[in-house]
Amino acid sequence: MTGSTAASFTADDYRARMERAARTAAEAGLAGLLVAPGPDLVWLTGYTPPAVTERLTLLVLAAGQDPVLVVPALEAPDAQKAAGAPALALRDWTDGKDPYAATAALLDASGRFGISDNAWALHLLALQQAMPGSSYTSLTEALPMLRAVKDAAELELMTAAGAAADATFEEIRNVPFAGRRESQVAADLDRLLRRHGHEQVDFTIVASGPNGANPHHEAGDRVIERGDMVVLDFGGLKDGYGSDTSRTVHVGEPIDEERRVHDIVREAQEAGFRAVRPGAACQDVDRAARAVIAGAGYGEYFIHRTGHGIGVTTHEPPYMIEGEERPLVPGMCFSVEPGIYLPGRFGVRIEDIVTVTEDGGRRLNTTSRELVIVE
């Protein structure tokens with residue numbers, strides 16, 4: 001079980017998710033879905049095995065048949081406690097028995113199945129050996145939008161996670177920056193996220209001065225100096241749902257160019273947000289933000305996509321990137337996070353999580369997007 005996540009949903013919620021997943025798989029021409037331990041299994045059943053081991057745990061979903069969770073016998077008592085357990089059948093197996101033969105008996109031996117991206121090769125190869133006529137595709141490739149549209153309860157959890165990240169920023173902006181190492185400020189972010197309810201912290205990027213030109217800089221031993229731009233990007237899971245926000249602060253008064261670049265990124269982020277509406281393509285969000293930065297002459301310094309989906313993981317489909325023509329749908333949640341990265345000098349990124357509404361978009365992060373001065 002993952003914190004209080006399972007307690008937030010009922011067996012009926014999980015039953016509906018599994019039925020929808022099986023139906024969507026059938027519509028995609030698949031014989032079923034095979035879901036290994038990981039975020040998909042948590043989302044579909046509320047169950048996380050007590051430990052990641054070589055023993056096979058696999059949820060089998062197919063239209064027209066009841067969901068079955070194949071689970072090691074020694075872990076069956078924990079599986080039975082999962083919130084979604086009443087909506088599925090447990091098929092346990094003991095050490096010394098062949099779990100792949102037991103699983104194959106539940107499947108169309110010549111079918112094509114969607115399988116979790118994080119399924120172990122050990123298990124996939126053994127299933128292929130047990131069913132030589134079967135074939136497989138990754139779950140993200142087959143059903144990329146499986147978890148993309150959040151229901152009302154999920155949106156409440158996403159909103160709470162965003163508010164916790166915002167509260168963290170409001171506190172971190174008041175800690176000392178000058179004279180401290182990036183790693184020390186990163187530790188402050190970790191502590192504050194946990195204080196505000198995060199059970200898992202996925203990243204605490206603190207990128208000062210020239211390090212800010214690296215979008216995924218790992219906070220290190222560099223001592224932050226007066227005159228530095230500092231990119232802060234942090235998030236994780238609160239009650240099983242993700243937060244992710246970025247703000248760029250400045251230690252002491254910035255120079256005119258720093259203010260100008262920050263203003264451009266802020267305008268780009270606003271343009272990306274304004275592009276969010278039902279029916280718009282994901283790439284429209286990227287195009288809107290990128291047009292502002294390119295128009296200001298910094299297009300070559302915006303070196304990543306404008307956004308990514310978020311939910312029970314902090315990065316998941318859909319992606320706000322050129323070429324992604326998938327339409328936005330109410331309930332989708334994703335980041336809008338343009339940036340400018342000037343090698344050897346500084347970087348700026350501003351990021352909010354946004355959800356699509358019936359007539360536009362709503363930010364889940366509401367802290368100031370103006371350039372914040374820290375000491």
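Buried here means under 20% relative accessible area. The model shown in these views is predicted.

**View 1. Helix α1 and its buried side.**
Helix α1 covers residues 11-27. The buried residues of α1 are Ala11, Tyr14, Arg17, Met18, Ala21, Ala22 and Ala25. These residues lie on the same side of α1, because they cover an arc of only 130 degrees around the axis. Residues three or four places apart on an α-helix point the same way, because there are 3.6 residues a turn. Turned away from the buried side is another face of α1, and the exposed residues Asp12 and Glu27 sit there.

**View 2. The length of α1, its cover and its end.**
At 1.5 Å a residue, the 17 residues of α1 should span 24 Å. The end C-alpha atoms of α1 are 24 Å apart, which agrees. Several elements cover the buried residues of α1, including β1 (32-35), α2 (39-45) and β2 (58-61). Also among them are α7 (152-172) and β9 (241-251). Just after the helix comes Gly29, with a positive phi of about 85 degrees.

**View 3. An open sheet of six strands.**
The strand order is β4-β3-β2-β1-β5-β6, and the pairing is mixed. β4 (89-93) and β6 (135-138) stand at the edges. Each has a single partner strand, so one side of each is left without a neighbour in the sheet. On average, neighbouring strands of this sheet are turned by 25 degrees against each other, direction ignored.

**View 4. β1, β2 and the helices packed on the sheet.**
β1 and β2 pair in the antiparallel sense, over three bridges. Val35 has Leu59 of β2 as its bridge partner. Helix α1 packs on the sheet and touches β1 and β2. The direction of α1 makes about 65 degrees with that of β2. Helix α5 (residues 121-130) also packs on the sheet, touching β1, β2, β5 (112-115) and β6. The direction of α5 makes about 155 degrees with that of β6.

**View 5. Leu124 in helix α5.**
Leu124 lies in helix α5. Its relative accessibility is 24%, so Leu124 counts as partly exposed. Leaving aside neighbours within four places in sequence, Leu124 is in contact with Ile115 and Tyr136. Leu124 and Ser135 are eleven residues apart in sequence. In space, their C-alpha atoms are 9.9 Å apart.

**View 6. Helix α7 from its start.**
At the start of α7, a side-chain oxygen of Asp151 reaches to within 3.1 Å of the backbone nitrogen of Ala153. The helix has 21 residues. From its first C-alpha to its last, α7 reaches 30 Å, close to the 30 Å expected at 1.5 Å a residue. Among the buried residues of α7 are Glu154, Leu155, Leu157, Met158, Asp166 and Phe169. Ala161, Gly162, Ala164 and Ala165 are also buried.

**View 7. Thr248 in strand β9.**
Thr248 has its place in strand β9. Thr248 is buried, because its relative accessible area is 2%. The side chain of Thr248 reaches the backbone oxygen of Arg349 at 2.9 Å. Not counting residues up to four places away in sequence, Thr248 touches several residues, including Met229, Val230, Val231 and His262. Also among its contacts are Gly347, Val348, Arg349, Leu371 and Val372.

How values were computed:
Residues are numbered from 1 along each chain as its sequence is written. This is a predicted model: local features need pLDDT of at least 70, side-chain atom pairs count only at pLDDT 80 or more; totals for chains, interfaces and linings use all residues. Side-chain values use heavy atoms; hydrogens and water are left out. Helices (H or I, at least four residues) and strands (E, at least two) are DSSP runs, numbered from the N terminus. The expected span of a helix is 1.5 Å times one less than its number of residues. Buried means under 20% relative accessible area, exposed over 50%, partly exposed in between (1.4 Å probe, protein chains only). The arc is that of the directions from the helix axis to the C-beta atoms. Contact means heavy atoms within 4.5 Å. A polar contact is a pair of N or O atoms within 3.5 Å; within protein, one must be able to donate a hydrogen and the other to accept it, and residues adjacent in sequence count only if both atoms are side-chain atoms. Two strands pair if DSSP finds at least two bridges between them. Axes are lines fitted to C-alpha atoms, for helices over the stretch in contact, and angles run from 0 to 180 degrees between N-to-C directions.
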